[in-house]
Amino acid sequence: MNVRRLVLLALSLALLTPACNKTSRSTNSDPRSASNAAATPDEFADARATFVKNCKTCHGEQGNGGPVKLEDGTKLKVPSLREGHALRHPDSDFLKQINKGGDGMPAFKDKLAPPQINDLVRFIRHDFQGGATPPPERMRSPMKDMKMK
Ligand code: HEC
């Protein structure tokens with residue numbers, strides 16, 4: 001009889017113990033999922049940092065552009081990367097502009113690696129243009145291509 005009672009007691013304890021563990025585990029799961037979310041990498045984090053470092057002075061943190069006065073006193077009218085021309089230019093135009101610069105913008109081909117420049121273009125489309133699909137590359141006539149070479 002005594003043994004049976006002990007067994008019953010042990011059994012009910014055994015049943016209770018995991019139940020307790022369960023509740024404490026479920027309260028613990030919140031911070032765990034929060035850290036999971038924080039660990040999800042932002043695929044544009046690097047490009048954003050590159051942009052802040054190299055492009056923000058002229059284009060502004062949000063890509064709005066506007067009138068800019070450089071340290072040497074040069075005044076520039078920087079176009080918005082969010083609207084207007086920037087929406088009508090295909091990626092190849094962006095790549096060319098970033099690599100070669102021009103019209104007040106410095107060339108970045110020797111400062112940034114090609115993958116960094118590609119990421120900047122994707123970042124501009126994503127952050128400033130709301131994920132807009134870039135316009136298609138222009139069709140070039142073969143004649144024109146031949147002349148250009
Ligand atoms: C010294 C100022 C300056 C800096 C720094 C600069 N830009 Fe520019 N950017 C300009 C100006 C001015 C234009 C407009 C050029 C023109 O009129 O053709 C321009 C044009 C562009 C365009 C073309 C926009 C369009 O309408 O098609 C892109 C894309 C661009 N910049 C990206 C960048 C990126 C990315 C960086 C950093 C790696 C950068 N720029 C750094 C001044 C700057």
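## The model and its chain

This is a predicted model, in which local features need pLDDT of at least 70 and side-chain atom pairs count only at pLDDT 80 or more, while totals for chains, interfaces and linings use all residues. Residues are numbered from 1 along each chain as its sequence is written.

The chain holds seven helices and two strands, taken as DSSP runs numbered from the N terminus (H or I over at least four residues for helices, E over at least two for strands). Along the sequence these elements follow the pattern α-α-α-β-β-α-α-α-α. Of the 149 residues in the chain, 10% are buried, a residue being buried if 20 or more other C-beta atoms lie within 10 Å of its own, exposed if 12 or fewer, and partly exposed in between, with C-beta atoms placed from the backbone. Among contacts between residues at least 6 apart in sequence, 46% join residues at least 24 apart, where a contact requires C-beta atoms, placed from the backbone, within 7 Å.

## Helix 5 against helix 6

The axes of helix 5 and helix 6 (residues 114-128) come within 10 Å and cross at roughly 125°, with axes fitted to C-alpha atoms over the stretch in contact and angles running from 0 to 180 degrees between N-to-C directions. On the helix 5 side the contact is made by D91, F94, L95, I98 and N99, and on the helix 6 side by I117, L120, V121 and I124. These residues divide into seven nonpolar, one polar and one charged.

## The loop residue S80

S80 lies in the loop between strand 2 and helix 4, and it counts as partly exposed because it has 17 C-beta neighbours inside 10 Å. Although S80 and H59 are 21 residues apart in sequence, their C-alpha atoms are 7.1 Å apart in space. Leaving aside residues up to four places away in sequence, S80 touches G63, N64, G65 and A86.

How values were computed
Contact = placed C-beta atoms within 7 Å. Nonpolar A, V, L, I, M, F, W, Y, C, P; charged D, E, K, R; others polar.
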